[in-house]
Amino acid sequence: MTQRTDSAPSPVSPASPVIDAPRSELLQSVVDVARAIFGAEASSVFLLDEEADELVFQAVSGQGEEFLVGRRFPAGRGIAGWVATSGEPMVVDDLSADPSFDRSLAESTAYVPNALMAAPLISDARILGVLEVLDPSPQARSGVRELDLLAMFARQAAAALRVITPERVREAEEHPVLGGPTLAGAQREDALKLLGSLERLLRGVG
Amino acid sequence: MTTTEPAQAPAEPLRPGARTAPGQGLTWSLRGRGPDDVPVLADAGPPLGRPAGPATGRGVRVCVVDSGVERDHPLVGPLAGSWVVVKDGESGGITVEPTTTGDTCGHGTACAGIIRRTAPECEIHSVRVLGERFSGTGDILMAGLRWAVEQRFDVVNLSLSTTRTRFAQELHSLADSAYFARTVIVASAHNTPVESFPWRFASVISVGSHQEDDPELHLYNPDPPVEFFGPGQNVTVPWLGGRTIRTTGNSFATPYVAGLCARVLSAHPRMTAFQLKNALYLSAANVRHAPRPYSPPAGDTGDTRDDSEN
């Protein structure tokens, strides 16, 4: 039950069609690193779309990388939902024996993990989303210590995310500090499109 | 905020005489009344705070404020009541309604299972504050907890907290009311060093997780605000679909302590909230019961250990 504001605008806009290259890069790096730290099969970041009350896959490393980004599910459901609402990290093990585990998520991912760790992305007392690690290596899960590590890493990721959120971009536009030329409207959209194409090109998927 | 009347009347307190009748509280002073007018029949509680074997939680009403509880999970058994807090998107009105939906996540079922395991014969009720639209907005948690306090449950398990300071004052008053009405709120400390409520308040019993394997070990923290630690690492708990999983977190240490409270109360129904806390303190594995140290003659400041809260 941590601060999911119902009044203030969301600091992140998962639904935004604008490709935000630095943010994608950051989130991809977060899931890649999380997966590496815990020797996991997969890792994903969900961001909270408060308007729609949904969690949205924003970046995936490992299983599901190609088709999960952009998928949504109700914010109050499943383990990720509990973490997003409670603001608490959580580790669960022995999940594969459970046929009803997180059905919506399992169906959308076509992958049911045996173990799962999840921590909230909290920055400035606000929940931005959830970082999940699927099937971490047995040595790297289940303990309070590992839970702390994941929570700390998620906190760092959230802080970084907040630094580069669209909200900050908007603020910068409204109060330009350096006095340099600011691209507006269509111009900005074109520039962002260009950036997006560039990123796709660099990542070899465009 | 409106709270609907429950369809089934809340059970009468099962511990007659345990509470001060409402409206007759000794609010401000004892003018015109003496000790004989306010007799109290005390119950010292179990020796060293440890509930005896036969204390199984029977007759104690426990409420789990969480994601709901799966119906008829073999490790939880039947629930005495199942409720949900709902917020109307347009009017903003909040109601508490009976529900047949189980658990939206598994977490509440896990908590209920730990309580059942610890106090097998207690009565478990569930009020779901998660899994509905707007359930993350804090006022749903507030409404669910308030409802539980109004129903005068003996023990409320709250493995949740809010970081939103605008709820802090209201939660504080609610926690104090519960304390005086002998509804013990057992609340999880945040897993990460985050300022949140209501676990920080002295009127609740706050619980974090220790790292020991002993499933029946609890510890007292000489350096609060987290007052107690319970088993929260690698705990096997009931989950959705009648199954079990293993999990870790303060959330799971809390229902163990809630279950302990239910056990103590079942054998000693007249105990107050502060007595209950003392029983947990005395029975904590790290609290030593050394014989009283020799009192030195006046003037000699002997080295007597002080393990009290500062």
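**Helices, core and loop**

Modeller: In this predicted model, the axes of helix α1 (residues 107-118) of chain B and α4(B) cross at roughly 35° and come within 8 Å.

Biologist: What is the handedness of the crossing of α1(B) and α4(B)?

Modeller: The crossing of α1(B) and α4(B) is right-handed. That term applies because the near helix is turned clockwise from the far one by less than a right angle.

Biologist: Which residues of α1(B) meet α4(B)?

Modeller: B:H107, B:A110, B:C111, B:I114, B:I115 and B:T118 do. Their partners in α4(B) include B:P255, B:A258, B:G259 and B:A262. By class, this contact has 10 nonpolar, 4 polar and 1 charged residues.

Biologist: How do you know that B:I115 is in contact with B:V62?

Modeller: Contact requires C-beta atoms within 7 Å, and B:V62 is among the residues in contact with B:I115. Others on that list, which leaves aside neighbours within four places in sequence, include B:C122, B:I124 and B:N157.

Biologist: Which residues touch the most other members of the largest nonpolar core?

Modeller: That core has 126 residues, and B:V62, B:I115, B:V186, B:V257 and B:C261 touch the most other members. Its largest share, 11 residues, comes from helix α4 (residues 250-267) of chain B.

Biologist: Why is A:P138 called exposed?

Modeller: A:P138 has 11 other C-beta atoms within 10 Å. The cut-off for exposed is 12 or fewer, so A:P138 is exposed. A:P138 is found in the loop between β6 (126-134) and α4 (144-163) of chain A.

Note on methods
Residues are numbered from 1 along each chain as its sequence is written. Chains are lettered from A and ligands numbered from 1 in the order in which they are written. This is a predicted model: local features need pLDDT of at least 70, side-chain atom pairs count only at pLDDT 80 or more; totals for chains, interfaces and linings use all residues. Helices (H or I, at least four residues) and strands (E, at least two) are DSSP runs, numbered from the N terminus. A residue is buried if 20 or more other C-beta atoms lie within 10 Å of its own, exposed if 12 or fewer, and partly exposed in between; C-beta atoms are placed from the backbone. A nonpolar core is a set of buried Ala, Val, Leu, Ile, Met, Phe, Trp, Tyr and Cys residues joined through C-beta atoms within 7 Å. Two residues are in contact if their C-beta atoms, placed from the backbone, lie within 7 Å. Axes are lines fitted to C-alpha atoms, for helices over the stretch in contact, and angles run from 0 to 180 degrees between N-to-C directions. Ala, Val, Leu, Ile, Met, Phe, Trp, Tyr, Cys and Pro count as nonpolar, Asp, Glu, Lys and Arg as charged, and the others, Gly among them, as polar.
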